[in-house]
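Look over the sequence and the model shown here. Then read the notes on helices, side-chain contacts and rings that go with them.

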Amino acid sequence: MYRRLMQHLVRGTAAVAVSAGILLGTPALAARTDVILGIRLEPPHLDPTAGAAAAIAEIVYNNVFQGLTRIDRDGTVKPSLAERWEVSEDGKVYTFHLRQGVKFHDGTTFDAEDVKFSLDRARAADSVNPQKGLFEPIDTVEVVDPQTVRITLKRPSGSLPFNLGWAAAVIVAPESAADNKTAPVGTGPFKLAEWVKGDHVTLTRSDGYWGEPVALEKATFKIIGDPTASFAALMAGDVDAFPIFPAPENVPQFEADPRFTVVVGDTEGKTVLAMNNGKEPFDDIRVRRAVSHAVDRKALIEGAMYGYGKPIGSHFAPQDKGYVDLTGKYPFDPEKAKALLKEAGAENLSVRLVLPPPDYARRGGEVLAAQLRNVGISVEIVPMEWAQWLSEVFRNKNFDMTVVSHVEPLDLDIYARDDYYFGYKDPDYRALYERFVASTDESERLALLGQLQEKLADDAVNAWLFLLPKIGIWDARLEGLWENTPVPANDLTEVKWRE
C-alpha cells in the first residue's frame, strides 16, 4: 500500500512539474532511460551457444551477443557484425565483410579470427551448441584478412544467412567464451551488470558500442514465475512491460485500461504434444495417429489459452512463407482414435505425460490428459522444472509424451536429426530436407517446404496443437518493443520512453 501511495504521489508531482514547465516556459522532464521487463522463466545460464532454452535468447539476443547477421522484428535477415556478403555462382562460397571498429565488452577487438573460432567451435565434434545441425553444411571457414571471412559449404545452401542470424550462431571471443554462461561478453549495445539468481538480470548500456546508440541506460529483466503475480506486478507498476504475458485470462482487463498497450502478435512457437517415436507404443504410426485424432484443438485453445492461439497441422507457423494448412488432416474423432488403438493392440495404454513449467504446457497438459483418457489412454501427469526436463526429456529421451513449444524459426531440420528427442528417423524425410537445404530457387524451396510439412503430418510424428501467441502488455508510454517474435528475443535496441 505504501509503495502504491508513493507512486501516485511521485506521478502527481511529476504531472505538476510538467504543467509548471509549460506555464513557465522551462523544459519538461526528460524521458526515463531505464525499463523493467517481466519474464516468466529464469534462464539456466546466459550463453545461447551452449543451451536450448528460449529464456537465454530472450535476454541476450542482439542485446549482449550479436551474429554476422540478425533476424529483425519482421523476420527478415539484416546485416549485423557483417556489413555485407557475397555468394558464389554455385551457391557454395559465402564471403562476409566485417564491420570495422567493433570491440567486445572487455575491450578486445572483434575480427575474422573471432568468427572462425565461433563457427569452428559450434560445428566441432565435441560442440554443445543446441543448434549444431545448422552448421553441418559448413566445410571450411577461412580468414582472408582481419575484416573478411570466407565460408565454403559442402553443398549449396540458401539458408546460411538466415541460420547465422540465430542466437546459437552469435560470435564469441576465445578469451571469454568459456565464462559466457555466467559472465557473458559480447559486442552488443548492452552488457551484463548483475544477475541475482531467482530474482532479476540487469543489463546496462555499453558506452563503447559500435552501432547506433540505444536510448536505454539500464534494462532489468524481473523473473516472475506466477501468472497472478505477473498481473499484480503490472497493475502496481512494479514492472513496465511483460513482452510475453503468461496469463491470457487477464488480457481484457488490460485492454480496458488506458495505462497499457496490449498487442497480441505471433511467435514461431509451434506447440506440440510430442511423442517418443523411438519407443513403444509410439513407434507404431497407428498409435500416433490415434493420439492425433483424440485431440480437440478448439477445446484445448479455449481451455488452456482462453481462445488465444492459432491451430496448426504440422511443424510450421501459419505466418511463414510456404505454410500449408494441414489442420484438417486429423479431425477430432474419438471413435477413430479408439479404432486405431484397437487395431494397434494398444487399447489398455498407460503413458507418462511430462510437463515443463510454462503455463501453456501445464494448463494444456491437463486438458490433453482428459482428452486422451476419453479414448481409453491412461495418463500420468509428471510436472518438471526446466533443468530436469532438459536432462530427462531433451537429452536422455526418458519420456512417453510431453507438451512444449518449439520457438525457433523454420526449424524443420530437427526432424532430420537422428539423435533428436522425438526419436523420429526417416530416410525419406532426411532426403527431402537435404533437397530443400541445397536449393537456391525460391519457388522450388517453397514447394519443398510444403512437402516437408505434409510428410511430418502423414507420419503423425507429433500431435500438432497451436501456435503460441505473443501477448505483449506494457506501459502505454513505452515504444519499440517487438509485436511479434520471429526468433526468441526481447531486442531493446529501439526501445524508449516517449517524452
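The model is predicted. Helix 12 spans residues 427–438. Its twelve residues reach 16 Å from first C-alpha to last, close to the 16 Å expected at 1.5 Å a residue. Which residues of helix 12 are buried? They are Tyr 429, Leu 432, Tyr 433, Phe 436 and Val 437. These residues cover an arc of only 140° around the axis, which puts them on the same side of helix 12. The face turned away from that buried side carries Pro 427 and Asp 428, both exposed. Helix 13 (442–458) is included in what covers the buried residues of helix 12.

The N-terminal end of helix 12 is capped by Asp 426. One of its side-chain oxygens lies 3.0 Å from the backbone nitrogen of Asp 428.

Helix 3 covers residues 112–122. Its buried residues are Ala 112, Asp 114, Val 115, Ser 118, Leu 119 and Ala 122. They take up an arc of only 155° around the axis, which puts them on the same side of helix 3. Strand 5 (93–98), strand 6 (138–145) and strand 7 (148–153) are included in their cover. At the start of helix 3, a side-chain oxygen of Asp 111 comes to within 3.0 Å of the backbone nitrogen of Glu 113.

Helix 7, residues 285–294, is mostly covered. How many of its ten residues are buried? Seven are. They are Val 287, Arg 288, Ala 290, Val 291, Ser 292, His 293 and Ala 294. Their cover includes two helices, helix 9 and helix 10 (359–373). It also includes strand 12 (260–275), strand 16 (401–406) and strand 17 (462–475).

## Two loop residues

His 315 sits in the loop between strand 13 (310–311) and helix 9 (334–343). Is His 315 buried or exposed? Its relative accessibility is 1%, so His 315 counts as buried. Its side chain makes a polar contact of 3.0 Å with the side chain of Asp 411. Another polar contact, at 2.8 Å, joins the side chains of His 315 and Tyr 415. Leaving aside neighbours within four places in sequence, the residues in contact with His 315 include Lys 270, Val 272, His 406, Leu 456 and Trp 464.

Pro 488 belongs to the loop between strand 18 (478–479) and strand 19 (496–497). Its relative accessibility is 13%; buried means under 20%, so Pro 488 counts as buried. Beyond its neighbours within four places in sequence, Pro 488 is in contact with Ala 54, Ala 57, Glu 58, Tyr 61 and Val 407. Pro 488 and Ile 71 are 417 residues apart in sequence, yet 10.0 Å apart in space, C-alpha to C-alpha.

## Aromatic rings

The structure holds 23 aromatic pairs. Why is the pair of Trp 386 and Trp 389 edge-to-face? The ring centres are 5.2 Å apart and the planes stand at 85°, so the pair is edge-to-face. Both residues lie in helix 11 (residues 386–395). They are three residues apart, about one turn of the helix. Trp 386 is partly exposed, with a relative accessible area of 21%. Trp 389 counts as buried, at 4% relative accessibility.

Tyr 421 and Phe 422 form a tilted pair. Both Tyr 421 and Phe 422 are buried. The table sets out the two pairs.

| Pair | Centre to centre | Angle between planes | Type |
|---|---|---|---|
| Trp 386 and Trp 389 | 5.2 Å | 85° | edge-to-face |
| Tyr 421 and Phe 422 | 4.5 Å | 50° | tilted |

Tyr 415 makes the polar contact with His 315. Trp 464 is among the contacts of His 315.

The charged end of Lys 197 sits over the ring of Trp 195, 4.5 Å from its centre.

Key:
Residues numbered from 1 in each chain as written. Predicted model: local features only at pLDDT ≥ 70, side-chain atom pairs only at ≥ 80, totals over all residues. Heavy atoms only, no water. Helix = DSSP H or I, 4+ residues; strand = E, 2+ residues; numbered from the N terminus. Expected span 1.5 Å × (residues − 1). Buried < 20%, exposed > 50% of the residue type's maximum accessible area, 1.4 Å probe, protein only. Arc of directions from axis to C-beta. Contact = heavy atoms within 4.5 Å. Polar contact = N/O pair within 3.5 Å; in protein donor to acceptor, adjacent residues only side chain to side chain. Phe/Tyr/Trp six-rings, centres within 6.5 Å; stacked < 30°, edge-to-face > 60°. Lys NZ or Arg CZ within 6 Å of the ring centre and 35° of its normal.
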